[in-house]
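User: I have this one open and would like to go through it with you. Could you start with the packing inside it?

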Amino acid sequence: MARIGLTREMLADPASRVAVEMHHLLFETLAGEERPAISFHMRTSASMRCEDFGPLGLTIKSAPTLRRSFERLDRYARLYNPYSTFSLADRGSEYWWINHTAATGNDGVRLSNEAALGTFVSLWRDANGDEFNPKRVQFTHQPVGDLKPLEDHFRCPVMHGADVDAIIMHPQDVDRPNRVGDQHIWKFLREHLEEILRATEPDRIDREVVIQVASTLSDGVPKLDEVACHLGMGSRTLQRRLADLGHSYQSLVDEARREVALKLVSEGRHSLVEVAFLTGFSEQSSFTRAFKRWSGKTPRSYRGKAPGMAAIHS
């Protein structure tokens with residue numbers, strides 16, 4: 001760290017970012033100490049767990065299957081890796097998780113790309129089970145060091161000199177259930193919402209919309225036509241029926257977020273970053289502003305005053 005000018009003070013604030021050029025230089029410097037058996041980046045990747053990555057980790061871990069994890073990842077991956085762009089490609093008998101950022105430049109860039117794919121595999125194993133192994137992994141660059149550390153981590157053939165950087169997977173692995181799917185979270189939330197919302201106003205379409213939106217928030221706020229389809233009507237019909245009750249679709253989205261947020265924050269079982277994710281916010285700052293509008297308090301203050309929270313935190 002000292003050799004490249006990276007100080008502990010620069011790392012003290014978790015919200016601060018290290019310039020990507022400095023990150024690559026750190027990798028290149030570390031590689032110089034280990035050649036030819038470069039393995040520091042795979043050791044680091046192997047140590048990663050979903051809880052280390054806030055909403056990104058929860059995105060992966062709480063999805064019912066890896067396929068659903070991939071569908072959500074583009075919302076949050078750039079919070080932790082703004083340098084690279086990833087996507088899932090269905091190639092018939094294979095699924096490819098592709099890094100679209102070419103490893104041009106120095107060995108630090110190349111090792112960083114290897115570490116990025118290595119980290120994804122570790123997070124998928126954490127969510128899906130340690131037996132998850134890719135079919136193969138490939139990189140556009142030529143080998144920087146020995147292949148053994150890469151093969152030991154990925155547990156599959158590793159190729160260099162390919163057209164794109166990618167993790168190639170078997171279809172059956174993509175659709176295998178994750179160990180902790182969000183159906184458990186949303187079953188709890190849905191039952192809670194149905195209880196508190198239908199107790200006083202049963203069978204109202206606005207309450208049905210709130211429940212449906214709340215049940216899918218971790219995938220992002222659903223579109224109006226998606227909710228209308230679930231309720232068995234057209235989007236214009238739904239808008240007209242909501243207007244007759246004095247509501248707009250957006251006002252009910254806000255209500256669903258409010259109900260879920262108040263419940264999760266008072267429960268205290270999830271971090272505030274995770275609650276922001278579960279209520280469909282991509283940034284905690286936006287969630288904090290919305291929560292203060294809903295409750296008159298910040299999430300942290302509200303949690304501290306919730307019944308039983310003092311005992312939990314003491």
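User: What does Val209 touch, leaving out residues up to four places away in sequence?
Analyst: In this predicted model, valine 209 touches Val227, Leu231, Leu238, Leu242, Tyr249 and Leu252 once those sequence neighbours are set aside.

User: Which residues have the most contacts inside the largest nonpolar core?
Analyst: They are Val209, Val213, Leu238, Tyr249 and Phe287, in a core that has 32 residues. The elements giving two or more residues to this core are α10 (205-215), α11 (224-230), α12 (235-244), α13 (249-267), α14 (272-278) and α15 (284-295), and the largest share, 9 residues, comes from α13.

User: And what does the second, separate core include?
Analyst: That core, of 30 residues, includes Leu66, Leu73, Val121 and Phe139.

User: Changing topic: at what angle do α2 and α3 pack?
Analyst: Helix α2 (residues 20-34) and helix α3 (residues 40-47) pack at about 115°, and their axes are 9 Å apart. On the α2 side Phe27, Leu30, Ala31 and Glu34 take part, meeting Phe40, His41 and Arg43 in α3; by class, this contact has 4 nonpolar, 1 polar and 2 charged residues.

User: Which element has the lowest mean pLDDT?
Analyst: Among the elements of the chain, that is helix α17 (residues 309-313), with a mean of 39, whereas strand β3 (residues 136-139) has the highest, 97. For the chain the mean pLDDT is 84, with 87% of its residues reaching 70 or more.

Terms used: Residues numbered from 1 in each chain as written. Predicted model: local features only at pLDDT ≥ 70, side-chain atom pairs only at ≥ 80, totals over all residues. Heavy atoms only, no water. Core = buried A, V, L, I, M, F, W, Y, C linked by side-chain atoms within 4.5 Å. Buried < 20%, exposed > 50% of the residue type's maximum accessible area, 1.4 Å probe, protein only. Helix = DSSP H or I, 4+ residues; strand = E, 2+ residues; numbered from the N terminus. Contact = heavy atoms within 4.5 Å. pLDDT = per-residue confidence, 0-100. Axes fitted to C-alpha atoms, helices over the stretch in contact; angles between N-to-C directions. Nonpolar A, V, L, I, M, F, W, Y, C, P; charged D, E, K, R; others polar.
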